Amino acid sequence: MTAIFFDMSSHAQPADHPVHARRDIGGIGVAVLDRTQALTVLDAALAHRRHVKLAFCNANLVNLAAVNAKLRAQLEDFLVLADGIGVDIGSRLLHGASFPANLNGTDFIPALLAAQNRSLRVTLLGGQPGVAQRAAARLAQDYPRHGFIVLSHGYFAPSEEAGILAQLAENPPDLLLVAFGNPLQERWIAEKITPRHATIAAGIGALFDFLAGEVERAPDVMRRLRLEWLYRLLLEPRRLWRRYVLGNPAFLLRILRIRFQPRGPTQ
């Protein structure tokens, strides 16, 4: 039986799209879905070739969108899933409840591939040169029913973009995985990818790095405690200190300001 979701947000969605509840977290409407429900939504999109732009919202994306009105507007057209303990804390403070599940892209995309009985055409785009190829090889080994191709690394020249988009339009994949990092991947999907380029276009951050063995996943105990961000900070302090050491307190202060800001008089 297909689940029915009700849109409680103020953002309009196309009439042919399923609707679902969303909670505003710092200006981003995040879907209130557990893993099974999210997989059901995307399964229906694949079955009916209904275009979906997919993003995973963590505290860093909220911080970036807070100072970028265009990015906030673009994300209104995405299915945005809750990623990490930060948005969960934000949800509890602003809405009195956690999200039903932690749907980070590193775990959710493999779950999506595992759940699909149909054979999908999956295209990888982004990452350092060579990383996507190793990630595709790992995916092909783990999910042999699907076909995986690498379109390009993430450092292509502006002059190459038209050719990349033409290749997607000529042979649009069921699932396009874009690894440019926040917010470049979300902005690129919003501005460049249409239904003629892919059925589902997902911004997936560091997924290729994890699959290729470039970055080590946190131990299971740290993942269960929702501390994978801390493990990544310990591994890559020079690259990630601004995102976590400065970004996490900034996110919490932003959420607290929203929570306790004076409300205007009701009419």
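N63 is found in helix α2, residues 59-66. This is a predicted model, where local features need pLDDT of at least 70, side-chain atom pairs count only at pLDDT 80 or more, and totals for chains, interfaces and linings use all residues. Residues are numbered from 1 along each chain as its sequence is written, and side-chain values use heavy atoms, with hydrogens and water left out. Helices (H or I, at least four residues) and strands (E, at least two) are DSSP runs, numbered from the N terminus.

**N63 and its partners**

- N63 is buried, at 14% relative accessible area. Buried means under 20%, exposed means over 50%, and partly exposed lies in between (1.4 Å probe, protein chains only).
- The side chains of N63 and R254 make a polar contact of 2.5 Å. A polar contact is a pair of N or O atoms within 3.5 Å; within protein, one must be able to donate a hydrogen and the other to accept it, and residues adjacent in sequence count only if both atoms are side-chain atoms.
- Setting aside neighbours within four places in sequence, N63 is in contact with G247, A250, F251 and R254. Contact means heavy atoms within 4.5 Å.

**The whole chain**

- The chain has twelve helices and eight strands.
- Its radius of gyration is 18 Å, close to the 18 Å that the globule rule gives for 267 residues, so the chain is as compact as a globular protein of that length. The radius is taken over C-alpha atoms, and the rule is 2.2 Å times the number of residues to the power 0.38.
- Along the principal axes, the C-alpha atoms fill a box of roughly 55 × 45 × 40 Å.
- Buried residues make up 47% of the 267 residues.
- Take the contacts between residues at least 6 apart in sequence: 71% of them join residues at least 24 apart.
- The accessible surface comes to about 13400 Å², and 54% of it belongs to carbon and sulfur atoms. Such areas come from the Shrake-Rupley method with a 1.4 Å probe; for residues, only the protein chains shown count as cover.
- There are 30 positive and 23 negative side chains, and the centres of the two sets lie 4 Å apart. Lys and Arg count as positive, Asp and Glu as negative; His and the chain ends are not counted. Each charge is placed at NZ of Lys, CZ of Arg, CG of Asp or CD of Glu.

- D174 sits in the loop between α7 (161-170) and β7 (175-179).
- D174 counts as buried, at 7% relative accessibility.
- R49 is in the loop between α1 (35-48) and β3 (52-57).
- R49 counts as exposed, at 57% relative accessibility.
- The side chains of D174 and R49 make a polar contact (3.4 Å).
- Beyond four places in sequence, the contacts of D174 are L46, R49, S119, L120, R121, T199 and I200.
- Phi of R49 is near 50 degrees, a positive value in a residue other than glycine.

**A cis peptide bond**

- N182 and P183 are joined by a cis peptide bond, with omega at about -5 degrees.
- P183 lies in the loop between β7 and α8 (184-192).

**Helix α11 and its cover**

- Helix α11 spans residues 228-235, and E228, Y231, R232 and L233 are buried in it.
- The cover over its buried residues includes α9 (207-212), α10 (220-224) and α12 (237-260).
- W229 is also in helix α11. W229 is partly exposed, with a relative accessible area of 29%.
- W229 touches I85, Y244 and N248, not counting residues up to four places away in sequence.
- W229 and G84 are 145 residues apart along the chain, yet their C-alpha atoms are separated by 8.4 Å.
- L240 lies in helix α12. At 1% relative accessibility, L240 counts as buried.
- L240 touches R232 and L233, again leaving out residues up to four places away.
- L240 and L230 are ten residues apart in sequence and 9.8 Å apart in space, C-alpha to C-alpha.

**I149 in strand β6**

- I149 is in strand β6, residues 147-152.
- I149 counts as partly exposed, at 46% relative accessibility.
- I149 and A38 are 111 residues apart in sequence and 25 Å apart in space, C-alpha to C-alpha.
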